[in-house]
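Hi,

Here is the structure I promised to pass on.

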Amino acid sequence: MQSLEAELEDARQLAVDDLADAIESIGFECTRCGACCKDDEEDDHTATVFPDEVRDLTESDSYDGDYDWRDVARPMPYGLSAGDDGLEGETFEWALQTDGCGDCTFYEEDDSGTGACAAHDDRPLICRTYPFSVALAGTSQPMGEAVDEAGMVRAHECEGLGRDISRADAEELARALKERAVRELEEAIAVRDEYEPADRGPGEIVVHDSEGAKRIDGTPLEE
């Protein structure tokens, strides 16, 4: 298995034209079904979000409201254990916050059931690139099994797959997909290099991201 640094170099060398070719050959058009924004009946929605993306969403003009860190993001539950007062432990990613139904907190539906994102213009890279990922170790794989692939591009379960996509849209998606792959590997390397076991109390959750160890409200643990 290659090192994360080698995978990062591979990500930086990805050709946008090649990614766009792969996306075009698979085909995609969002149907606004909302499946990628909702829980899958077994688990809550878990979409990885970078620390700077959380801050961007708290300051977004895309929706009405006054959001703080906890309104936007929650600790990724993987690796946490059940304590007397809920989940506790250490984790290494942030996930978009969910509502009481387990759906993304920014997901909305109109009266006809058509889905929309309240923060569409500021949505994270994982949302901008769904249902695609790149076949590089150290990058996040979206919810849903990979059902198709072309070159380095994997396509995950989505009813919009197989539909015609314009070259311009394929290239826009390809640029975002490359950016996401690079960012995910940079984040993974920074977390690995900065990690130190946290001195936490019972019932406490610590999230290690590229900026260091944080409490669930996004503040540094050492403050």
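Let me start with K38 and E109, whose side chains form a salt bridge at 3.5 Å, N to O (that is, a side-chain nitrogen of Lys or Arg within 4 Å of a carboxyl oxygen of Asp or Glu). This pair links distant parts of the chain, 71 residues apart: K38 is in the loop between α2 and β1 (48–49), and E109 is in strand β6 (residues 107–109). Helices (H or I, at least four residues) and strands (E, at least two) are DSSP runs, numbered from the N terminus. K38 is partly exposed at 24% relative accessibility, and E109 is partly exposed at 44%; the term covers values between buried, under 20% relative accessible area, and exposed, over 50% (1.4 Å probe, protein chains only).

A word on the source: this is a predicted model, where local features need pLDDT of at least 70 and side-chain atom pairs count only at pLDDT 80 or more, while totals for chains, interfaces and linings use all residues. Residues are numbered from 1 along each chain as its sequence is written, and side-chain values use heavy atoms, leaving out hydrogens and water.

The count comes to 13 salt bridges. One of them joins E186 and R12 at 3.1 Å, N to O. E186 lies in helix α6 (residues 167–194) and R12 in helix α1 (residues 4–12), so this pair ties together parts that are 174 residues apart in sequence.

E24 and R167 also meet in a salt bridge, at 2.6 Å, N to O.

Best wishes
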